[in-house]
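Visitor: I have a chain on screen and would like to learn how to read it. Where do we start?

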Amino acid sequence: LELRMSRMETEHALRDVRDREASLREMQLEIDLVTASAAEANRRAAEGMEVARVARTDKEYVDGLEAKVTALQEWALASTESKRLTVERCRELEGRVKELEG
């Protein structure tokens, strides 16, 4: 009778151990899935941050180019005005030379 009782207790203990092992495997699987999901989320977040950084850098680059374009436009206007004044001055001087020669 004691032997039977001992065997039954052993079988019961073995069933408990198997149940706990299965439970632990399920928990480990869930942990692995959550870890993989978190790693994927972190990767996507990093990609998003990189896209935002590149967009910010591109915007800064475009802003810099726009500032250069504005400066070049102002220079072109000043250059055109300077050329106009120079041509006008040359005509005046030519007119004076003709007066002095004639």
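Guide: Start with secondary structure. Helices (H or I, at least four residues) and strands (E, at least two) are DSSP runs, numbered from the N terminus. This chain comes to one helix and zero strands. Helix α1 covers residues 2-101. The model is predicted: local features need pLDDT of at least 70, side-chain atom pairs count only at pLDDT 80 or more, and totals for chains, interfaces and linings use all residues. Residues are numbered from 1 along each chain as its sequence is written, and side-chain values use heavy atoms, with hydrogens and water left out.

Visitor: What radius of gyration does the chain have, and what would a compact globule of 102 residues have?

Guide: The radius of gyration is taken over C-alpha atoms, and the globule rule is 2.2 Å times the number of residues to the power 0.38. For 102 residues that rule gives a radius near 13 Å, but the chain has 44 Å. Along the principal axes, the C-alpha atoms fill a box of roughly 150 × 10 × 10 Å.

Visitor: What share of the 102 residues is buried?

Guide: Buried means under 20% relative accessible area, exposed over 50%, and partly exposed in between (1.4 Å probe, protein chains only). Here, buried residues make up 0% of the chain. E30, placed in helix α1, counts as exposed because its relative accessible area is 51%.

Visitor: Which residues form a nonpolar patch on the surface?

Guide: Patches are made of residues with over 30% relative accessible area and no salt bridge; like charges are joined within 9 Å, nonpolar side chains (Val, Leu, Ile, Met, Phe, Trp, Tyr) within 5 Å. L1, M5 and M8 form such a nonpolar patch, with about 370 Å² of accessible area together. M8 lies in helix α1 and counts as exposed, at 53% relative accessibility.

Visitor: Now the charges. How many salt bridges are there?

Guide: Side chains of opposite charge can pair when their charged atoms come close. A salt bridge is a side-chain nitrogen of Lys or Arg within 4 Å of a carboxyl oxygen of Asp or Glu. The count comes to eight. One of them joins R44 to E40, with the closest N and O atoms 3.0 Å apart. R44 and E40 are four residues apart in helix α1, about one turn. R44 is exposed at 55%, while E40 is partly exposed at 29%.

Visitor: What is R43 paired with?

Guide: R43 forms a salt bridge with E47, at 2.3 Å between the closest N and O atoms. About one helical turn separates R43 and E47, because they are four residues apart in helix α1. R43 is partly exposed at 40%, and E47 is partly exposed at 42%. E40, R43, R44 and E47 are linked in a network of salt bridges.

Visitor: And R89?

Guide: R89 meets E92 in a salt bridge (3.6 Å, N to O). Here the spacing is three residues in helix α1, again about one helical turn. R89 is partly exposed at 44%, and so is E92, at 40%.

Definitions and conventions. Areas by Shrake-Rupley, 256 points an atom, 1.4 Å probe, with all protein chains shown as cover.
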